[in-house]
Amino acid sequence: MKKVFIIAAMCFLSQSVVFAQKPAYEKAMTSLVAEMQTASYEAPLQGTVNKLERIAAAEPTEWLPNYWVAFGYISDSFKKATPGEKDQVLDLAEKALNKAKALVENDELEVLTAQYASARMSVSPMDRWQTYGAKYSEAIEKATKLNPENPRIYYLQGTNMFYTPENFGGGKAKAKPFFEKALMKFEAFKSQSNLHPNWGKVESNYFLEQCK
């Protein structure tokens with residue numbers, strides 16, 4: 001009887017610790033995710049990423065910290081000056097993305113995989129389009145199958161078309177319908193929580209204006 005009581009007490013205490021930690025985790029993540037999604041395009045995200053990496057290490061069963069770590073590194077890769085610097089940052093993004101994908105499979109991670117592939121391809125488009133173009137397309141296809149209502153799918157397709165030269169099948173005219181569709185999807189989209197991805201609407205509006 002005493003052993004049963006001790007085991008029950010230990011279970012209760014362990015659950016109490018978990019519940020006590022969750023509000024702190026959610027509070028910290030909410031603040032950092034808000035920083036990540038509202039930062040100006042030019043602002044480096046490394047400081048926020050460092051904090052998220054510490055949370056990811058402390059919460060190895062949570063996929064969202066590593067999602068945002070990868071998101072931050074991918075975003076910062078576009079601000080780097082040389083191909084070597086870009087790839088170095090994208091190597092870190094890949095590690096975080098793989099950690100998150102080892103925990104769950106969902107449309108948001110596939111969207112981020114497509115964005116990662118696009119970032120790798122942008123370093124040297126002529127040399128990398130066959131490899132990373134295929135990975136981009138595969139991730140977009142998976143994301144669409146998992147959740148066709150995700151507006152970030154169409155935002156990424158729009159940016160891909162926007163930056164693809166017209167003589168290669170891209171251009172502003174081809175990109176415009178994707179941004180319009182993304183914004184239509186955003187009207188109905190509701191993020192699962194303050195910790196989940198909610199980016200892309202401002203960007204879609206910006207690019208749509210550039211297409212007019």
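This report walks through the overall build of a predicted protein model and then looks at one of its helices, α2.

## About the model

Because this is a predicted model, local features need pLDDT of at least 70 and side-chain atom pairs count only at pLDDT 80 or more, while totals for chains, interfaces and linings use all residues. Residues are numbered from 1 along each chain as its sequence is written, and side-chain values use heavy atoms, leaving out hydrogens and water.

## Overall build

The protein chain holds nine helices and zero strands, where helices are DSSP runs of H or I with at least four residues, strands are E runs of at least two, and numbering starts at the N terminus. Its C-alpha trace spans about 80 × 40 × 30 Å along the principal axes.

Of the 212 residues, 41% are buried (under 20% relative accessible area, with exposed meaning over 50% and partly exposed in between; 1.4 Å probe, protein chains only). Among contacts (heavy atoms within 4.5 Å) with a separation of 6 or more, 62% join residues 24 or more positions apart.

## A look at helix α2

Helix α2 covers residues 46–58, and its 13 residues reach 19 Å from first C-alpha to last, close to the 18 Å expected at 1.5 Å a residue (1.5 Å times one less than the number of residues).

Which residues of α2 are buried? They are Thr48, Val49, Leu52, Ile55 and Ala56. These residues lie on the same side of α2 because they cover an arc of only 120° around the axis, taken from the directions from the helix axis to the C-beta atoms. Arg54, Ala57 and Ala58 are exposed on the face turned away from the buried side of α2.
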